[in-house]
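Visitor: I would like to learn how to read a protein model. Please take me through one, feature by feature.

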Amino acid sequence: MGHLNEQDMAELVFGETTPWSTWWRRRHLKKCGACREHFERLCREQEEQKELARQLKCYGECLQEAEKTMTMPKPPAAEGN
């Protein structure tokens, strides 16, 4: 049995596999340290991306709230009026 390819790994990380395929891939991961390390790294990266997306969403919401309280400065009065 060869190593899992990138497609196999990605489908497993994102939960896009059939029950049989999931079982087979997880069985391989238990036996193959190289694939297991790669899979774990992909899982960590996915979690980091989810956290970054959450932080960006929060940042955007904070900006929207801040913009509600901002006012534009009034232009200086025209001279001679």
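**The core and what surrounds it**

Guide: Eight residues make up the largest nonpolar core: Leu4, Met9, Leu12, Val13, Leu29, Cys32, Cys35 and Phe39. The elements that each supply two or more residues to this core are α1 and α3, and α1 gives the most, with three residues. This is a predicted model, where local features need pLDDT of at least 70, side-chain atom pairs count only at pLDDT 80 or more, and totals for chains, interfaces and linings use all residues. Residues are numbered from 1 along each chain as its sequence is written, and side-chain values use heavy atoms, with hydrogens and water left out.

Visitor: What is a nonpolar core?

Guide: In soluble globular proteins, nonpolar side chains tend to be buried together. A nonpolar core is a set of buried Ala, Val, Leu, Ile, Met, Phe, Trp, Tyr and Cys residues joined through side-chain atoms within 4.5 Å. Buried means under 20% relative accessible area, exposed means over 50%, and partly exposed lies in between (1.4 Å probe, protein chains only). In this protein, buried residues make up 20% of the 81 residues.

Visitor: Which residues is Leu4 in contact with, leaving aside its neighbours within four places in sequence?

Guide: Contact means heavy atoms within 4.5 Å. By that rule Leu4 touches Met9, Trp24, Arg25, His28, Leu29 and Cys35.

Visitor: How many helices and strands are there in the protein?

Guide: Helices (H or I, at least four residues) and strands (E, at least two) are DSSP runs, numbered from the N terminus. The protein has three helices and zero strands, and its pattern along the sequence is α-α-α. Its radius of gyration is 25 Å, well over the 12 Å that the globule rule gives for 81 residues, so the protein is more spread out than a compact globule. That radius is taken over C-alpha atoms, and the globule rule is 2.2 Å times the number of residues to the power 0.38. Along the principal axes, the C-alpha trace spans about 90 × 25 × 15 Å.

Visitor: How far can I trust the coordinates?

Guide: Look at pLDDT, the predictor's confidence in each residue, from 0 to 100. Where pLDDT is low, the predicted coordinates should not be read in detail. Here the mean is 89, and 94% of the residues reach 70 or more.

Visitor: Which residues of α1 are buried, and what covers them?

Guide: Asp8, Met9, Glu11, Leu12 and Val13 are the buried ones in α1. Their cover includes α2 and α3. After α1 comes Gly15, whose phi is positive, near 70°.

Visitor: Which residue does the side chain of His38 join through a polar contact?

Guide: A polar contact is a pair of N or O atoms within 3.5 Å; within protein, one must be able to donate a hydrogen and the other to accept it, and residues adjacent in sequence count only if both atoms are side-chain atoms. His38 is located in helix α3, and its side chain makes a polar contact of 2.8 Å with that of Glu6.
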